[in-house]
Amino acid sequence: MSLWPREMSLRSQGKSLRPQGRIIFSGSVIESEKVLEKQYAFLKEGCDGSVLLDDTKRFKGEKNALPNRNSLRGFEVIDTIKADVERACPSTVSCADILTLAAREAVFQSGGPFWYVPLGRRDGLTASEIAANEQLPSPFEPLDDITAKFTSKGLDLKDVVVLSGGHTIGYAQCFTFKRRLFNFKGSGKPDPTLDSSLLSGLRSTCPNVDISNTKLAPLDTATAYMFDNAYYDNLVSNSGLLESDQAIMGDPVAASLVSSYSMYPDMFSQDFGASMVKMGSIGVLTGQDGEIRKKCGSVNS
């Protein structure tokens, strides 16, 4: 079974989920980034809300997987929205759908595009820390490896470039890019492609000591609190923060897309919404598969 455009139906009945999102996200771009990054976890097994599950005696979930540990935050945002929705429409809207809608709201309320979200997902019954470690992209991986992970889920290089644009908001821990500052690929020197002024500022934020590993730096230093196309401007000027971001410029097809998105923000907005819909359709559960969780952090008893 496929997803269906139930968001339009909800709107026609005056049951839009946007008011809950507006309460949560108003005045908090940090919260927006926390929610948006959760949808990228759909690159694992699919869009079934498994990333929201707490560890149990039966399985170790994804929250403490290496790509997510001390990075994937804001679960209380989804829990609050879910509680509000359950009071209005018990056992009707899945956590997977709420997370997908919340990601769209996070983008829209940070100045980014709006797109309609196909709904009808059901929630998964389990989660896997091992699968998250193996399947989620790493900031240290080469572009070919990241692209392979995307294509294994039915996405392509264009989706890699477009969805990487989500790094226009949010923060990264220093350990995810520190080797670019001091010892790039074991050279004992910084990454020669990194803009010199950005290098100086990042070294101040992230000195070469272990205690700085968990400090944060904005992914987009130009407009850290606005969802726009400045991420691509950064890549063009060698100011991408993560090694995996700047590596996009090493592929001629990807670099051409970066150039286009840098010059034409409307093109980026349109393509970003389309790629988010594609990602939100990976491995969905519908019909009698899975369940509609009452609480997003645990399966129904």
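The structure is a predicted model, in which local features need pLDDT of at least 70 and side-chain atom pairs count only at pLDDT 80 or more, while totals for chains, interfaces and linings use all residues. Residues are numbered from 1 along each chain as its sequence is written, and side-chain values use heavy atoms, with hydrogens and water left out. The protein chain holds 14 helices and 2 strands, where helices (H or I, at least four residues) and strands (E, at least two) are DSSP runs numbered from the N terminus.

**Chain as a whole**

- Of the 301 residues in the protein chain, 53% count as buried, a term that stands for under 20% relative accessible area, with exposed meaning over 50% and partly exposed in between (1.4 Å probe, protein chains only).
- The accessible surface of the protein chain is about 13,300 Å², and carbon and sulfur atoms contribute 55% of that area; accessible areas come from the Shrake-Rupley method with a 1.4 Å probe, and for residues only the protein chains shown count as cover.
- Among contacts (heavy atoms within 4.5 Å) with a separation of 6 or more, 75% are made by residues 24 or more positions apart.

**Helix α8**

- Helix α8, spanning residues 157-164, is mostly covered, as 6 of its 8 residues are buried, namely Asp 159, Val 160, Val 161, Val 162, Leu 163 and Ser 164.
- The buried residues of α8 pack against several helices, which are α7 (143-151), α11 (230-236), α12 (243-246), α13 (252-263) and α14 (265-279).
- At the start of α8, a side-chain oxygen of Asp 156 comes to within 3.2 Å of the backbone nitrogen of Lys 158.

**Lys 149 in helix α7**

- Lys 149 lies in helix α7, and this lysine is classed as buried because its relative accessible area is 17%.
- When residues up to four places away in sequence are not counted, Lys 149 touches Glu 134, Gln 135, Leu 136, Pro 137 and Glu 141.

**Positive phi in loops**

- Lys 185, in the loop between α9 (179-182) and α10 (196-205), has a phi near 50°, which is a positive value in a residue other than glycine.
- With a relative accessible area of 62%, Lys 185 is exposed.
- Asn 238, in the loop between α11 and α12, likewise is not a glycine and has a positive phi of about 60°.
- Asn 238 counts as partly exposed, because its relative accessibility is 34%.

How values were computed: Polar contact = N/O pair within 3.5 Å; in protein donor to acceptor, adjacent residues only side chain to side chain.
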